[in-house]
Amino acid sequence: MSGKAPMLGVAEALARMLAAARPLGESEILPTLHANGRILAAAQTSGLDVPPMDNSQMDGYAVCAADCAGAAAGAAARLKVAQRIAAGHVGQPLEPGTAARIFTGAMIPEGADAVVMQEMCETEQQGDGDWVTVRHAPADGEWIRRRGEDIQAGSTILAAGTRLRAQDLGLAASVGLASLPVVRRLRVAVFFTGDELAMPGEALKPGAIYNSNRFLLRGLLENLGCDITDYGIVPDSLQATRDTLRAAAAGHDLIITSGGVSVGEEDHVKPAVEAEGRLDLWQIAMKPGKPLAFGEVFRTGSAGGSAAGDNTDAAFFLGLPGNPVSSFVTFLLFVRPFVLRLQGIADVAPKACAMRADFAWSKADRRNEFLRVKRNAAGGLDLFPNQGSAVLTSTVWGDGLVDNPPGQTIAPGDTVRFIPFAELLY
């Protein structure tokens, strides 16, 4: 692929990547208690109604509404308390002219058609037992949860491709699902190129920098539930890069690199991928993040495929820029949706919203720009003053990105497209 090929727009590049994605299609069974954050492999249906029986929404008295109808005209109903029903217990049929002391969640006894909350009742004890005076005329069904009003037996409660949250697990448990089928974890290999890179804890030699991208990208991948193999810092040589790509392809679904995808003499990732597989995309019309590469690395013995996605005996490849903000932004906009699609999630687009810019941006660029911003107390967006691709503090200070189209300036008060980090990090 020639380095002089025209750059693809963000939307077109992402569409091509997602079209090439092959969902894993492999699953395992996990206890529901341990499935948080995993991707549901198959739709789940309920085998029962929820709630499974009519039950009380309140502590109070289960009654026949007709026995209390006179309260509407000021004539309180005086009923004998014939039984006491706690949650988890089954009462006896309610006889006419009686009431049942009932508690929240308890099953409504046969013959009762309403619950009067205890605040509207007065109780007294006599020699023949307890009595309740009801000063409210309840409507039919008042304070009763009907059987199946939340979930009906046979209905789908969770769709395939759902990324399971705490509330999803609670819903599954509410219909008795003790285990769930989930997509196996995506196996991702990562490595980092650059002889200038050092690890925190090591003394910095002249010209060296600490490898922040290793921590950044691993954290982002962990947020997405991936199994990660870290090959560390690979020397700046074509052979070392090829050797690492070959080893990574053998046991992984996806290979992610940081650095070495530009056009310098020491940028070996692009030629190494072309030697071990193929590149289908290279250079995106975006800022930060122009040198983004996408392709496949063939596994040993593979003859390769005729088009992206045809060769199942290959690991996908994504090469990210070395500058930390560029690496961060390209991960959020490209790696995240691609990983989610591989995991079987259909809707991978982040939810953006229109917000007011409380800043000026007079430097229109021919590329799609992604500006680091933060919401302010006035309901607008503030801009981090230094938008350089190496200024990682902008990603910590900010809480989202402004998606600024090519050739677009921004004046205070303009409406812009804001993508919160909360939509991009998980």
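## A guided tour

Start by selecting Gly 37, Arg 38, Ile 39, Val 183, Arg 184, Arg 185, Leu 186, Leu 224, Gly 225 and Gln 343, which line the largest cavity. The model is predicted, so local features need pLDDT of at least 70 and side-chain atom pairs pLDDT 80 or more, while totals for chains, interfaces and linings use all residues. Residues are numbered from 1 along each chain as its sequence is written, and side-chain values use heavy atoms, without hydrogens or water.

**Stop 1: the cavity.** Stay with that selection. The largest cavity has a volume of about 60 Å³. A cavity is a set of points on a 1 Å grid over the protein atoms alone where a 1.4 Å probe fits but cannot get out; lining residues have an atom within 4 Å of a point. Volume is the space filled by probe spheres set on the points, which are joined across faces, edges and corners. Two cavities of 30 Å³ or more are counted. The lining of the largest divides into four nonpolar, three polar and three charged residues. Here Ala, Val, Leu, Ile, Met, Phe, Trp, Tyr, Cys and Pro count as nonpolar, Asp, Glu, Lys and Arg as charged, and the others, Gly among them, as polar.

Stop 2: The largest pocket holds about 450 Å³ of space. A pocket is an open set with protein on both sides within 12 Å along at least five of seven lines. Its lining has eight nonpolar, four polar and seven charged residues.

**Stop 3: helix 4.** Select residues 238-250, which form helix 4. Helices (H or I, at least four residues) and strands (E, at least two) are DSSP runs, numbered from the N terminus. Helix 4 has 13 residues and reaches 19 Å from first C-alpha to last, close to the expected 18 Å. The expected span is 1.5 Å times one less than the number of residues. Which residues of helix 4 are buried? Ala 240, Thr 241, Thr 244, Leu 245, Ala 248 and Ala 249 are. Down the axis of helix 4, they fall within an arc of 160°, so they line one face. That arc is taken from the directions from the helix axis to the C-beta atoms. Their cover includes strand 13 (187-193), helix 5 (269-276) and strand 21 (314-320).

**Stop 4: Thr 330.** Thr 330 sits in helix 6 (residues 324-342). Thr 330 is buried, at 0% relative accessible area. Buried means under 20%, exposed over 50%, partly exposed in between (1.4 Å probe, protein chains only). Leaving aside neighbours within four places in sequence, the contacts of Thr 330 include Met 286, Pro 288 and Val 335. Contact means heavy atoms within 4.5 Å.

**Stop 5: Pro 288 and Pro 51.** A cis peptide bond joins Lys 287 and Pro 288, with omega about 0°. Pro 288 lies in the loop between strand 19 (286-287) and strand 20. Now go to Pro 51, in the loop between strand 2 (44-45) and strand 3 (55-56). A cis peptide bond joins Val 50 and Pro 51, with omega about -5°.

**Stop 6: two positive phi values.** Trp 143 has a positive phi of about 55°, although it is not a glycine. Trp 143 is partly exposed, at 29%. Gln 283 has a phi near 75°. Gln 283 is buried, at 12%.
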